[in-house]
Protein chains: 2
Amino acid sequence: MEFTDVRSEDGVTGRSFSVAVAGEIVPAVIWAPEGARGPRPLMLMGHGGSQHKKTPTLAARARQYARKFGYATLAIDAPGHGDRISRAEAAALARETGARVTGRVASAWTPERLKLMSERTARAVPEWNAALEAALGFDFVGRGGPVGYWGVSMGTAIGVPFLAQCRLVTAAILGLAGLRPGASDFEAAARKITIPVEFVFQWDDAVATREHGVGLFDAFGSAEKTMHINPGGHMGIPDFEGDSWERFFVRHLGTVDAPARMAAAAE
Amino acid sequence: MEFTDVRSEDGVTGRSFSVAVAGEIVPAVIWAPEGARGPRPLMLMGHGGSQHKKTPTLAARARQYARKFGYATLAIDAPGHGDRISRAEAAALARETGARVTGRVASAWTPERLKLMSERTARAVPEWNAALEAALGFDFVGRGGPVGYWGVSMGTAIGVPFLAQCRLVTAAILGLAGLRPGASDFEAAARKITIPVEFVFQWDDAVATREHGVGLFDAFGSAEKTMHINPGGHMGIPDFEGDSWERFFVRHLGTVDAPARMAAAAE
């Protein structure tokens, strides 16, 4: 594996690389503490619609996790996102997504849109598998350590089918998404998820209705699952939920100095 | 104010006292760090139905808050509870409540039961006011510091009308209760609450339906309010919610060494 770009800042190193899946090049980045050696918990972060693998909030969280907990964090560009589209396409996508999540444009689930999302997910799952496999081969990550997943909105749309078939991830933050009537594949995937889940939901989300959000929470097969509901729209998750995500991950994955035992036992 | 009993254990002192309200003696207890002097955040804890002011889980939390955050915690026996009834009455009440919260007996809102609860609440609010006023007079509590409220189940049934009229409490943990159709006074009280609220709810509660729980969450007038939903019954709140309560209170009230500014500004 060759890193195409390696940059260190404030004690955290970001390394760019890519994996090839079904003839497509999937751009990836992995952050870890500068000078990291040996195994550590690995976090997978799935960005939202129109965003990309280095979206500022995601990158900031990855750096924070590296500094505070010694984690490595892996992110990839979803199909049709980031470096996989042109700047003009990305700008158009951001405008379209922005209009939907703020409610300026109704978030209609047209057959075309559902087909696009379904195809995107079908491509994204093997891409995540390949990127995860590559990351586990890095000497500063290693195999057998705890793996977590964080992804809301499109990060949940892709994360649910990914988690349904990935046995390595042991805890996940999901949210800002719902279970649409008729989305039987998605519901079946949610039911297959049995790891602890913290599901964050905005009560006035223009993209996901309350009923659909509760429906998705109900569908998760996990014995430990918590739904955090806050007022406000799609972009308005309160900062204190970010603190809650940190505690959730530390509780389930541990830290580099004290990784979770459950995952260690699976080595 | 005379303390009828003073006991220190593991660095925390519990002091028993009482206040007289409308001809009734209301037994109270306040925990604080051993040797505590000067102002500190004050926590009010409202026990659940059939419990009492020194119920083990409540007392343990109060001691924990004293040790970790330097808080003082005040608890009182609700009307018809604790030292205000005989041991035989308390045992019968515990049996009856136990049958309801575990679903062995339907939690029917009969007119008699609604009347009993309404009268209990009407008595409890001035009792809380009087106990709070007494506590603020203790030199190890003082006036002008932040005040929080914790109370689930009956602690919410009483807490909502109490908080609706108390301007001193600036953050509250509530939960395990719902908004019944026709409970217009309760709903009006919930709408008057504008402080940050974390509302913990059990998704399979035999006492409060999902719909009624969501209805109460919706009724709170607070800009900052979060509903935490977990699977399981009335007695099954996961331990990690207790950790969340601590962080919620530290965020809003601060600690004895760094009390919250909002409340300090109101001195």
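In the predicted model, helix 2 (residues 87–101) of chain A has 15 residues, which at 1.5 Å a residue should span 21 Å, and the end C-alpha atoms of helix 2 are 21 Å apart, in agreement with that expectation. The expected span of a helix is taken as 1.5 Å times one less than its number of residues; helices (H or I, at least four residues) and strands (E, at least two) are DSSP runs, numbered from the N terminus. Helix 2 of chain A is followed by A:G103, the phi of which is positive, near 80°. Residues are numbered from 1 along each chain as its sequence is written, and chains are lettered from A and ligands numbered from 1 in the order in which they are written. Because the model is predicted, local features need pLDDT of at least 70 and side-chain atom pairs count only at pLDDT 80 or more, whereas totals for chains, interfaces and linings use all residues.

Chain A contains eight helices and nine strands. The radius of gyration of chain A, taken over C-alpha atoms, is 17 Å, close to the 18 Å that the globule rule gives for 267 residues, so chain A is as compact as a globular protein of that length. The globule rule is 2.2 Å times the number of residues to the power 0.38. The C-alpha trace of chain A spans about 50 × 45 × 35 Å along its principal axes. Of the 267 residues of chain A, 49% count as buried (20 or more other C-beta atoms within 10 Å of the residue's own, with C-beta atoms placed from the backbone; exposed at 12 or fewer, partly exposed in between). Contacts are assigned where C-beta atoms, placed from the backbone, lie within 7 Å; among those in chain A between residues at least 6 apart in sequence, 74% join residues at least 24 apart.

Strand 5 (residues 72–76) of chain A is mostly covered, five of its five residues being buried. A:A72, A:L74 and A:I76 point one way from this strand, while A:T73 and A:A75 point the other way. In a regular strand the side chains alternate between the two faces of the sheet. Strands are treated as paired if DSSP finds at least two bridges between them. Strand 3 (residues 24–33) of chain A runs antiparallel to strand 5 of chain A, to which four bridges join it, and A:A28 has A:I76 as its bridge partner. Strand 4 (residues 42–46) of chain A pairs with strand 5 of chain A in the parallel sense, also over four bridges, with A:M43 opposite A:T73. Strand 4, helix 1 (residues 56–69) and strand 5 of chain A form a right-handed β-α-β unit (clockwise from the first strand over the helix to the second, with the strands pointing away from the viewer).

Strand 7 (residues 169–175) of chain A is likewise mostly covered, with six of its seven residues buried. Six bridges join strand 7 of chain A to strand 6 (residues 147–152) of chain A in a parallel arrangement, in which A:V152 is partnered by A:G175. The chain crosses from strand 6 to strand 7 of chain A through helix 4 (residues 154–165), and this β-α-β crossover is right-handed. Strand 8 (residues 197–202) of chain A pairs with strand 7 of chain A in the parallel sense over four bridges, and A:A172 has A:V197 as its bridge partner. A right-handed β-α-β unit is made by strand 7, helix 5 (residues 184–192) and strand 8 of chain A.

Definitions and conventions:
Two residues are in contact if their C-beta atoms, placed from the backbone, lie within 7 Å.
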